[in-house]
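Here are my notes on the model, as numbered points. Please read them with the structure open.

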Amino acid sequence: MRPLNNVALPFESYGVSHKGCVRQINEDSYLMEPRSGLWVVADGMGGHDAGEVASATIIEHLATIGIASSAPDLRARFEDRLRKAHSDIRDISDQRGATIGSTVAALLVMDGKFACLWLGDSRVYLVRDGKLSQVSRDHTEVQELLDRGAITEAEARTWPRRNVITRAIGVSDDIAVDFRQGEIRPDDVFVLGTDGLTAHVTDAEIEASVASAMPQAACEDLLAKVLARGGTDNVTIVLVRIRGATDGASSEPLAGGR
């Protein structure tokens with residue numbers, strides 16, 4: 001397989017992260033490594049000076065992923081670094097005598113293919129042909145209740161324990177990463193977001209924003225919506241657009257963020 005930076009379909013990406021209107025600090029972290037074919041959001045938990053450590057530890061390890069030789073190699077590198085981050089976070093928890101952890105949602109792209117991997121309730125969406133679909137599936141108590149038919153979608157929106165997650169990095173002895181893969185197409189847009197986004201913005205609004213704007217403008221529009229509606233949690237958004245042949249001759253991946 002060819003290295004990522006020779007892939008025929010280039011892409012551009014943009015990311016934003018904000019502490020929101022209520023929280024004192026931002027426990028979210030994100031990573032964009034377009035030359036490696038990796039984009040990540042992570043939502044830390046564990047209170048002041050703990051959740052941010054957990055999410056930052058994940059990002060620090062994944063930032064060393066380098067350039068893979070193949071799509072399977074890229075996934076192997078990702079999972080290796082995630083396991084190391086998990087071990088480090090567990091050590092920090094032991095030292096502090098308190099459980100800390102983080103969700104993670106990641107997009108890997110190489111050789112015309114994509115893979116999404118996640119734990120927790122940070123999400124990955126795909127907007128294809130103007131239609132949004134949720135690629136990831138929340139690891140939460142409320143999702144398990146929905147899957148069993150114990151509650152309705154309407155009840156889930158106000159369920160008292162709707163934010164209780166069932167999987168995260170650093171929390172249990174081992175990690176179980178969910179995984180979906182497929183082939184990329186020109187003009188595909190992937191949206192990675194922590195739950196601070198989906199708490200205030202609907203799927204339909206994400207779809208409309210992404211369909212009508214480039215990654216930077218869409219990110220900033222979605223962030224503005226979250227903040228205008230109270231921003232009760234940290235919020236992080238990363239958009240990755242697969243560029244079509246009419247977007248220009250450049251084959252270099254583009255990225256930006258704040």
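1. Contact here means heavy atoms within 4.5 Å. By that criterion, and not counting residues up to four places away in sequence, Asp 138 touches Gly 120, Asp 121, Arg 123 and Gln 143.

2. On the basis of the notes: this is a predicted model, in which local features need pLDDT of at least 70 and side-chain atom pairs count only at pLDDT 80 or more, while totals for chains, interfaces and linings use all residues. Residues are numbered from 1 along each chain as its sequence is written, and side-chain values use heavy atoms, with hydrogens and water left out.

3. Back to Asp 138, which lies in the loop between β7 (131–134) and α3 (141–148). Helices (H or I, at least four residues) and strands (E, at least two) are DSSP runs, numbered from the N terminus. Because its relative accessibility is 11%, Asp 138 counts as buried; buried means under 20% relative accessible area, exposed over 50%, and partly exposed in between (1.4 Å probe, protein chains only). The side chain of Asp 138 makes a polar contact of 2.7 Å with that of Arg 123. A polar contact is a pair of N or O atoms within 3.5 Å; within protein, one must be able to donate a hydrogen and the other to accept it, and residues adjacent in sequence count only if both atoms are side-chain atoms.

4. The sheet is open and has five strands, in the order β2-β3-β4-β5-β8, with antiparallel pairing. Two strands pair if DSSP finds at least two bridges between them. At the edges are β2 (28–33) and β8 (178–183), each of which pairs on one side only. On average, neighbouring strands of this sheet are turned by 10° against each other, direction ignored. Axes are lines fitted to C-alpha atoms, for helices over the stretch in contact, and angles run from 0 to 180 degrees between N-to-C directions.

5. Within the sheet, β4 (residues 101–110) and β5 (residues 113–119) run antiparallel and are joined by seven bridges. Val 104 has Leu 119 in β5 as its bridge partner. Helix α2 (residues 71–96) packs on the sheet, where it touches β3 (38–45), β4, β5 and β8, and its direction makes about 165° with that of β4.

6. Which elements do the buried residues of α1 pack against? They pack against β2, β3, α2 and β4. Among these buried residues are Ile 58, Ile 59 and Leu 62.

7. The whole structure contains 14 salt bridges, each being a side-chain nitrogen of Lys or Arg within 4 Å of a carboxyl oxygen of Asp or Glu. One of them joins the side chains of Arg 77 and Asp 73 (3.0 Å, N to O). Because these two residues are four apart in helix α2, about one helical turn separates them. Another joins Arg 75 and Glu 79, also at 3.0 Å, N to O. Arg 75 is partly exposed, with a relative accessible area of 28%, and Glu 79 is partly exposed at 22% relative accessibility.

8. The side chains of Asp 188 and Arg 128 form a salt bridge at 2.6 Å, N to O. Asp 188 sits in the loop between β8 and β9 (189–193) and Arg 128 in strand β6 (residues 123–128), so the pair ties together parts that are 60 residues apart in sequence. Both Asp 188 and Arg 128 are buried. Salt bridges that share partners also link Glu 12, Asp 187, Arg 241 and Arg 243 into one network.
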